[in-house]
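Welcome to this short tour. Please open your viewer, keep the selection tool at hand, and follow along stop by stop.

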Amino acid sequence: MSKTKVFIAGVLATTAAYVAYKALPKDKQDELSAKAHNTGALLRDKAYDAAYNAADVAADVTEKAKEKTATLKTDSQEKYADQIDAATEKIKDLTDQAAPYVDKAKDFVTPYIEKTQDALTDLRDKFVSEDIELTQDDVDLEEALADLADDENVKDAEASSVKDDDTSETTAKPEA
C-alpha cells in the first residue's frame, strides 16, 4: 500500500472510532474514558519501571566492567612485571650509553651556536643602527649556519695555503 492509502485508512479508522464513541451512551463514554486513562497510567508506570530497570542494569554492567578492568590491570602488572622491569632497565642502560655521545655532540655544536648567536647579534646591531627591525622570523638559521660553515672552510683553506707557502719557502731557502 502506498503511504497515502495508509494515511487515509488511519484517518477513516480514527473518525469511525470517534463516531462510535460519541454514539455510545454517556455512562459508557465515561467508562471508556476511565479505562483509557487507567491504561495510560499503567503504561506510563510500566515505562518508568522499564527505564529504571534499564538504568540499574546499565549501572551494574558499568560496575562489573570497572571491576574486570581493575582485575585485568592488576593481573597484567603481576604477569608482566618482570618484563616491564627488564625493559625499563634496558632503556636506562641505553640512555646511559648514549649520554657521552650526546655530551660530545653538545660540545661539538656549542661553538657553532655561539658563533651563530654572535653573528645574529652583530647583524641585529647593524640593522638597528640603520633603523631596520630584524625579528627571529626574518633570520633563517640554516642559511646562517651554512654561511658560518663556508667562512670556516675559507679560513681552513687559507690556513692550509699559508702553511703550504711556509713549508715551500723553508724548503726553498736551503736549496738556494
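At 58% relative accessibility, does K26 count as buried or exposed? Select K26: it counts as exposed, because its relative accessibility is 58%. Here buried means under 20% relative accessible area, exposed means over 50%, and partly exposed lies in between (1.4 Å probe, protein chains only).

Before going further, a word on what you are looking at. This is a predicted model, in which local features need pLDDT of at least 70 and side-chain atom pairs count only at pLDDT 80 or more, while totals for chains, interfaces and linings use all residues. Residues are numbered from 1 along each chain as its sequence is written, and side-chain values use heavy atoms, with hydrogens and water left out.

**The whole chain**

Zoom out to see the protein chain. It has 3 helices and 0 strands, so the order from the N terminus reads α-α-α, with helices (H or I, at least four residues) and strands (E, at least two) taken as DSSP runs and numbered from the N terminus. Of the 176 residues, 5% are buried. The accessible surface comes to about 15200 Å², and carbon and sulfur atoms account for 59% of that; such areas come from the Shrake-Rupley method with a 1.4 Å probe, and for residues only the protein chains shown count as cover.

Now colour by pLDDT, the predictor's confidence in each residue, from 0 to 100. The chain averages 80, and 81% of the residues score at least 70. Confidence is highest in helix 1, at a mean of 90, and lowest in helix 3 (residues 141-175), at 64. Over residues 171-176 the pLDDT is below 50, and beyond near neighbours in sequence this stretch has 0 contacts in the model. Contact means heavy atoms within 4.5 Å.

**Helix 1**

Select V11, which sits in helix 1 (residues 3-23). V11 is partly exposed, at 39% relative accessibility.

**Helix 2**

Next, pick Q29 in helix 2 (residues 26-129). Q29 is buried, with a relative accessible area of 9%. Which residues is Q29 in contact with, leaving aside its neighbours within four places in sequence? They are Y21, K22, A23 and L24.

**The salt bridges**

Side chains of opposite charge can pair when their charged atoms come close. A salt bridge is a side-chain nitrogen of Lys or Arg within 4 Å of a carboxyl oxygen of Asp or Glu, and the count by this rule is 3.

- D30 is partly exposed, at 43%.
- Select K35 and E31, which form a salt bridge with their closest N and O atoms 3.8 Å apart. E31 is partly exposed, with a relative accessible area of 39%.
- Finish at K92 and D96, joined by a salt bridge of 3.5 Å, N to O. Both lie in helix 2, 4 residues apart, about one turn of the helix. K92 is partly exposed at 46% relative accessibility, and D96 is partly exposed at 45%.
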